[in-house]
Structure formats: structure tokens, C-alpha cells
Amino acid sequence: MALSVAIATGLYGLSFGALSVAAGLTLLQTMALSLLLFSGGSQFAFIGVIAGGGSGVSAMSAAALLGIRNGVYGMQVNVLLRPSRWRKLPAAHLTIDESVATATGQTDPDEQRRGFWAAGIGVFVLWNLFTLVGALAGNAMGDPARWGLDGAAVAAFLGLLWPRIRSREPAAIAVVCAVVTLIAVPLVPPGVPILLAAVVAAVLGLSGLGPATEGLEPDVEPYPSSPAGGTR
Amino acid sequence: MSLWGWVLLACAVSIATKFLGFLVPARLLDNPRMLRVAGSLTIGLLAALTATNTFASGQALVVDARVVALVAAAVTLWLRAPFLVVVAVGALAAGLARLLGAA
């Protein structure tokens, strides 16, 4: 799955590059976001606010809020991979949805490590490459929505979520969080609905919803038995 | 501050946030309860991201071609297709829906 996740995200970078230029960022600003911020959701939040006429500070805030989950992911990766001191910084930079999802989809520690670095590096290279191509093609391409690339993002997030829904408890958490998010969207600034959903999910997990052996922790399913995302 | 300043500040905050997670002591998460919290956080965040990517347009909720992509992806996942096929079907479905006149 590592390779397919990397390719899918790289292709999604095409629409980020094009949208970012369309939002009024320069090519260099667009590349700075992909190289240094390197978190799809936060990058889209940033250019989304700018495109909607928002200020720089609100764009930065939306990106920062949406990026808090990367701190949570960082804790997970640190526990899972226990990287040496010198690998912490590169590992931190490569800590994104896709690398964490790929690592936590494995049970063997070696496979977790391999999955994390392969997905992280693969996504980084392709994300930046396709950001550049997208930004260069930007105006010629017109509206990236016409190419269905936003549909690809929807499918990718659902594809990452799907293998984790193996019983009633995670399904309930997913549904509750999705509903909370959608209720919050019109009421609070972009990025905040996702944080509210995170708080709800944490509370549900803390309250011990379902038995501990039921596998709410993401790393219990052996890879071969999850055919939905199990080819690599 | 210019747009460049906010771009770079957003980048710095992102890197700091990611690295902060690595500085939290491992034993804080290394017990069943915290692992379960982390697990449900992942599920909750992915569900929230799926929801916003499908229905949110800024602060508005809209039903457009992305819903068609969501349904098509779900059917493809139900059929146990590989991840890449799911993503391709999502893009194709949204593209086709727009060709057929969806927003």
C-alpha cells in the first residue's frame, strides 16, 4: 500500500499546485508550503483561506490548527518506531496522514518502520514534484475540480479510514465524528471542525467505548487480512 | 506582515508541531488506554477529513460531484479493490459527474 498511497498523494499534489497559484500565491510560496509545511490538509486550509479573501494570519491559523493532528501522529510514530535521536527530525517532517496510516496498518515492527519511511519519502518526493507540475500548469489547466482531483482526495481519505472500521465501536466513532464535523463547518473557522471531531474521538476513546481487545488501537489488524488496502 | 511571512510562519509552526509529538515521553502513550485514545483519534480525524473533503466548501456545506466520488469509492472499497484503484475511481466518478452536469 505504501507505493499506491504515495502515488495517489503525489497526484493530489497536482491539484494543490494548481489551486495554490490560482489562489494568488507565487510559485515559490507554493513550493515553500509543499517542501516545509508538508501536510496536505494544512496546505489546502492555507490556500483555501487566501482564495476566499482571508488574511494571512487566519490562513496561518487554519493551517496550524489542522496540523495539530500531526503532533498526535508524532506521538504515535514515536511510540511505534522508537526512532534514534538523529532520525527524530526527519521522521517528524515525514509524519503525515499517509505515512502514519501505512505504519499503523502493519503489526510487525520492521514492516511498520519500512512502511513509514517508504510512504513518507514517497509521498514527499511525489507531492513536491506534482506540486511543481501543478503550479506550472496552473493557469493552463483551469479549474482542477474539473479533473476530478478533489474526488480523488475524498476517495483517498475514505480508503485510509475504511480498513480501520472492523467492528461497531470504530464505526460509531467515525460516524459521530463525521456528524460533529459537518455540524461545526458552518459555525466555526475552517480547520476547527476537524479539531472538535478529534476532541470527541479522544473522549470516546478515554471513556473506554467497547472492550480493550476490540482493537480501537490502529495497529492490531494483520496486514494480509485487510484486502481493502492490503496490496503493496 | 507580508504573505511570505505568514507562509514561512505556517511552515515553522507545522514543523514544530510535528517535532513536539516526538518529544513527549513514550510511556505517556505506551499503555492500553492511551493507545485506544490514539486509535480512536486516528479514526475520528480520518472520518472528519473525509467529511470535510466531501461536503465542505469554505464554511458552507455543499452537495456536489464529490459526493458521487464518495459513493463510488465506498462501492469500490466494498469490492475490496486496491487503494490506488479506489482513488482512481474517486477521481473518475467526480470527473464524470461534472461532465454530466453536477456542480
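Leaving aside neighbours within four places in sequence, G44(B) is in contact with I173(A), C177(A), A197(A), A198(A), V200(A) and A201(A), two residues being in contact if their C-beta atoms, placed from the backbone, lie within 7 Å. This is a predicted model, in which local features need pLDDT of at least 70 and side-chain atom pairs count only at pLDDT 80 or more, while totals for chains, interfaces and linings use all residues. Residues are numbered from 1 along each chain as its sequence is written, and chains are lettered from A and ligands numbered from 1 in the order in which they are written.

G44(B) lies in helix α2 (residues 32-55) of chain B, where helices (H or I, at least four residues) and strands (E, at least two) are DSSP runs, numbered from the N terminus. G44(B) is buried, because 31 other C-beta atoms lie within 10 Å; a residue is buried if 20 or more other C-beta atoms lie within 10 Å of its own, exposed if 12 or fewer, and partly exposed in between.

Several of the partners of G44(B), including A197(A), A198(A), V200(A) and A201(A), are also among the buried residues of α10(A), which are P193(A), I194(A), A197(A), A198(A), V200(A), A201(A), L204(A) and G205(A). The 15 residues of α10(A) should span 21 Å at 1.5 Å a residue, and the end C-alpha atoms are 21 Å apart, which agrees; the expected span is 1.5 Å times one less than the number of residues. α10(A) is followed by G208(A), whose phi is positive, near 70 degrees.

Across the whole contact, 88 residues come from chain A and 70 residues from chain B. On the side of chain A that touches chain B, the largest share, 18 residues, comes from α4(A), and the residues of that side divide into 57 nonpolar, 24 polar and 7 charged (Ala, Val, Leu, Ile, Met, Phe, Trp, Tyr, Cys and Pro count as nonpolar, Asp, Glu, Lys and Arg as charged, and the others, Gly among them, as polar).

Chain B contains 4 helices and 2 strands, and buried residues make up 52% of its 103 residues. Chain B averages a pLDDT of 86, with 91% of the residues scoring at least 70, pLDDT being the predictor's confidence in each residue, from 0 to 100. For the complex, the predictor gives an ipTM of 0.83 and a pTM of 0.65.
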